[in-house]
Amino acid sequence: MNILDPRVHVDLAHLRSLEASARGLNFLPRQPAHSVLNGRHRSRLRGRGLNFEEMRDYQRGDDVRAIDWKATARTGKPHVRVFTEERDRPALLVIDQRMSMFFGSVLNMKSVTAAEAAAAAAFAILAQGDRVGGIVFNDEQVVEVAPRRSRRAVYKLLAETAAMNQALHADLDIVQRPGLLNDVLAAVARMGGHDQLIVVFSDMSGMDKQTKRRIAGLAAHNDLVIALTFDPSARNLNINQPLVVGAGGRQAEADFSTPAVREAFGGFYARRLDSILRWQQEINLSVLPLSTGESAVAQLRALMGRRALIGKVR
């Protein structure tokens with residue numbers, strides 16, 4: 001029996017054990033004061049949709065903004081439209097387990113950070129009474145899990161995540177699929193529709209101009225959160241020796257002792273990180289930056305304005 005290094009791979013038992021650490025987290029509009037999901041003046045999350053209930057006569061105390069002016073003009077008496085909040089709403093968690101995520105220079109692999117954060121988010125969403133489903137994908141597979149308000153649906157999503165996570169290895173021979181990220185986002189749009197919560201756990205490798213358009217389309221009709229998974233080397237590539245780097249089965253040696261090489265590699269990832277962070281001003285979405293250098297769940301709690309739990313949080 002192989003023993004997994006928890007910094008490199010996760011199993012279903014570990015992901016299920018993170019339920020307790022998700023206590024107090026939620027993705028509802030009312031957020032703690034220090035949550036990054038709060039905008040400058042209001043919550044970035046719109047919350048559940050509204051269902052039309054009835055049209056009735058205006059009564060003293062009704063909100064004048066609910067007056068239906070066409071019905072009022074037609075009948076000669078003030079009428080209001082009454083809505084009720086949906087009892088629950090679907091949440092789609094998009095979990096990236098591609099080879100680009102199989103990297104980490106400090107504590108965890110990006111693939112592990114994304115998997116752990118997604119597990120905590122799934123349990124938090126289930127606890128707030130909403131349906132949980134999503135998409136788990138790697139370089140060869142895209143698996144969809146329909147949203148359900150059940151622990152079974154969460155376990156199914158986490159089982160698919162753990163399976164793809166454990167399939168990642170340094171010598172894995174893959175064929176790059178340009179546009180895969182955009183294809184996954186298109187699948188999210190097909191599954192999602194509108195008035196849903198969508199959380200993307202990814203390093204956003206392979207993003208292009210079309211990616212931004214797809215993200216903007218999703219954000220226009222849903223609450224969209226990008227849990228941007230990155231390695232600290234994106235900001236400070238502190239490596240001073242030759243290393244073998246690879247992707248898609250191709251490998252080459254890069255001399256990181258040369259400042260120009262370090263700047264080229266580090267600059268590429270830093271620009272991607274900064275570009276996505278700017279989307280918060282350009283598109284109605286939120287970004288949760290998750291570093292591989294710290295506990296994924298502890299970061300999630302801090303970013304969402306929650307205190308750390310007593311004891312060790314992995």
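1. D96, R98, K110 and D203 are linked in a network of salt bridges, a salt bridge being a side-chain nitrogen of Lys or Arg within 4 Å of a carboxyl oxygen of Asp or Glu. The structure holds 9 salt bridges.

2. A word on where this comes from. It's a predicted model, so local features need pLDDT of at least 70 and side-chain atom pairs count only at pLDDT 80 or more, while totals for chains, interfaces and linings use all residues. Residues are numbered from 1 along each chain as its sequence is written, and side-chain values use heavy atoms, with hydrogens and water left out.

3. Now the overall picture. The protein chain has 8 helices and 11 strands; these are DSSP runs, H or I of at least four residues for helices and E of at least two for strands, numbered from the N terminus. Of its 314 residues, 48% count as buried, meaning under 20% relative accessible area, with exposed being over 50% and partly exposed in between (1.4 Å probe, protein chains only).

4. Have a look at β3 (90-96). 7 of the 7 residues of β3 are buried, so the rest of the structure largely encloses this strand. Both faces are covered: P90, L92, V94 and D96 sit on one side, with A91, L93 and I95 on the other.

5. What does β3 pair with? β3 runs parallel to β4 over 7 bridges, and 5 bridges join β3 to β6, also in parallel; strands pair if DSSP finds at least two bridges between them. I95 stands opposite V136 in β4 and opposite F201 in β6. β3, α3 and β4 make a right-handed β-α-β unit: with the strands pointing away from the viewer, the path from the first strand over the helix to the second runs clockwise.

6. L197, in strand β6, is worth a click. L197 is buried, at a relative accessible area of 1%. Leaving aside neighbours within four places in sequence, L197 is in contact (heavy atoms within 4.5 Å) with residues including F27, P90, L92, I125 and V225. D223 is on that contact list too; the C-alpha atoms of L197 and D223 are separated by 4.8 Å, although the two are 26 residues apart along the chain.

7. On to the cores. A nonpolar core here is a set of buried Ala, Val, Leu, Ile, Met, Phe, Trp, Tyr and Cys residues joined through side-chain atoms within 4.5 Å. The largest one has 50 residues, and L15, F27, L93, V132, V199 and F201 have the most contacts inside it. Elements that each supply at least two residues of this core include β3, β4, β6 and α4, but α3 gives the most, with 13 residues. A second, separate core of 26 residues includes L181, L185, I226 and L273.

8. Back to the charged pairs. R151 forms a salt bridge with E19, the closest N and O atoms being 2.8 Å apart. R151 lies in helix α4 and E19 in the loop between α1 and β1, so this pair ties together parts that are 132 residues apart in sequence. R151 is partly exposed at 37% relative accessibility, as is E19 at 32%.

9. K212 and E282 also meet through their side chains in a salt bridge (2.6 Å, N to O). K212 lies in helix α6 and E282 in helix α7, so parts 70 residues apart in sequence are tied together.
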